[in-house]
Amino acid sequence: MTITDTPEVTREQEREAIASVPTGLFIGGEWRTTRATMPVDDPSTGEHLVEVSDADPDEAAAALDAAVAAQAEWAQVPPRERSEILTRARELMLADVDRLALIMTLEMGKPLAEAKGEVAYAAEFFRWFAEEAVRIDGGFMTAPAGGSRFLVAKQPVGPCILITPWNFPMAMGTRKIGPAIAAGCTSVIKPAAETPLSTLALADILVQAGLPAGVVNVVTTSKSDDVMRPMILDPRSRKISFTGSTPVGKHLLELAAKTVMRTSMELGGNAPFLVFDDADLDVAVEGAMAAKMRNIGQACTAANRILVQRPVAEEFARRLGERMGALPMGRGVEDGVVVGPLVNQKAVDKVDELVRDALDRGATAQLGGAPADRDGYFYPATVLTGVPAEAEMGSAEIFGPVAAITEFDTEEEAIALANDTPFGLISYVFTQGLDRGLRVSEALEAGMVGLNQGVVSNPAAPFGGIKESGVGREGGFTGIDEFLETKYIGVRMA
C-alpha cells in the first residue's frame, strides 16, 4: 500500500487505533497515570475520543528530573548508537503508517492521505538526523601568532524543553526530538492539548526502538503556562524549542531570558504569494493549491496573501476557484476527502470573522464565504477576490481554506505589499523570468522563499523565519547545531 491509498475506515478500526495509544505521562521510561485527565475530541464530529493524563507542575518537574538524571550518561553514548536508534524508530514509523495516520486524522482532522504523508515526512527527520549524529565535528588550527593550538569541540547543550503545535503533531515532534537525540540531549516534550495522541504514540515507538529511559519524556497538560513555566525557569533546563504563535513565543522568550536559555522559535507567518503576469498559470495555480490547502490551510507556511499582477488576476482567480471548488469536504477518514475540519469551533469563528471583514471592505466571494451547515468544525474552501490590503486577513493568519486575492500593478508594489508585515517566515514567487525571480526573492523579507513551487519544507533544508516569525532554524545542516554548544580549548605549545 502506498501512503496515498485511503481505504474505507470502519468505526471499529477508529476505536482500535485510539485504544492502541498509551494515555499516561511518559517519565523516566515509564507510563504514569495522573489524578486529573483531559479530553481529546474528534473535530470532524465534536465527539469525545479518549481521556489522557493532565499533568500538574509537580508531575512535570518529575519529567525534568528524569531528563536531568539521564543527561550525563546519554551524552556519552557513541554517536553511532544514537544514530541507530533513530534509524530503527524511522523504520518502525513507516511500518506502522496506517495506524499512526489514523490516530492523527482522528485527533486533528486532516484527510487520511495527508496524514500518511505527514508520517512519512516525520520519519524523514529521524533519517536525516540519524545521518547527522555521526557527522558532528569540531576543529583544529594553529594560533595565528604561533605558540598555541586551538581545539574546537561540539557538545550537547543539555536537557531541552520541546513544545509542539497541533497542526503537524508528528512531524513537529520528530523535527525537534530527532536533533536532540542525535546531539546527545535529553528532553521533555509537551504536545498541544488538542493533539497529544500522536506524540504519545511516537514515544511508544521510541521505546520499541531502544531509546534509554529518561532520554525523551512526554508531559501532556491543559495547563500549559502553569506547568511549563517552572521547567523553563529551572536552570537545569538548557534549551527551549517552540513551534506556535508569535504571542506565546514572545512570552516564552521572556521566560527563557531569566536563565539565558538557548532558544529556537518557529512562530507565526503571513506568507505572501506573488504571481507575476509572466508566470505559467498552471504552475502558479498548482503552487497555490499546495501552499493554501495543505493541512486545510492550517499551516504557518500557508499562502495568506495571494498577490496577483492585474493582467492575469481574473484568469488566475477563475482557475483557482475551479480547483478549490472541486475539492470534496468531509471527515478525514472518508475516501477522497481533501477538505477536512478545522481544529475547533474557535478556529471556525476566527476564519469566518476574517472573511466577513474582507467582504465588508469590498471583497467578493467567488467561492464559499460562510461556515458549513453540518456537524463538526468545517469551513468550506473559499476564494475571495478584490481583497483590499487593509483587510484584517492582510495582517492576521487566516489558518483556514480561504484564498484571499489582491491585485497589484508593478514589481515594486508587489514587493512593498509582501514586506508590509512584522512577519517573515516564507514567501512564494511565480514568474518565468530568471532575473525577476532572483531579484524578487532577494528583496523579500523572509527566511524562506518558494520560487515557482508551493512547498519548500524538507528535512534536509533549514526551516525558519526572520522578524517576528522566529529565531533559529530546524532541519538541514544547521538543525543539529541548535542543540550543540561550541567549546574552544586553547592548548599551550612549549
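Predicted model: local features only at pLDDT ≥ 70, side-chain atom pairs only at ≥ 80, totals over all residues.
## Basis

Local features need pLDDT of at least 70 and side-chain atom pairs pLDDT 80 or more, while totals for chains, interfaces and linings use all residues. Residues are numbered from 1 along each chain as its sequence is written, and side-chain values use heavy atoms, without hydrogens and water.

## Helices α10 and α11

Helices (DSSP runs of H or I, at least four residues) and strands (E, at least two) are numbered from the N terminus. The axes (lines fitted to C-alpha atoms over the stretch in contact, with angles from 0 to 180 degrees between N-to-C directions) of α10 (residues 281-293) and α11 (residues 310-325) are 10 Å apart, at an angle of about 55°.

Contact means heavy atoms within 4.5 Å. Among the residues that meet are Leu 281, Val 285 and Met 289 of α10 and Phe 316, Leu 320 and Met 324 of α11.

## Helices α8 and α9

The axes of α8 (residues 224-233) and α9 (residues 246-257) come within 9 Å and cross at roughly 35°. Asp 225, Arg 229, Ile 232 and Leu 233 of α8 contact His 251, Leu 252, Leu 255 and Ala 256 of α9.

## Largest pocket

A pocket is an open set of points on a 1 Å grid over the protein atoms alone, where a 1.4 Å probe fits, with protein on both sides within 12 Å along at least five of seven lines; lining residues have an atom within 4 Å of a point. Of the 48 residues lining the largest pocket, Trp 166, Gly 244, Ser 245, Val 248 and Phe 399 are closest to its centre. Helix α9 gives the most to this lining, with five residues.
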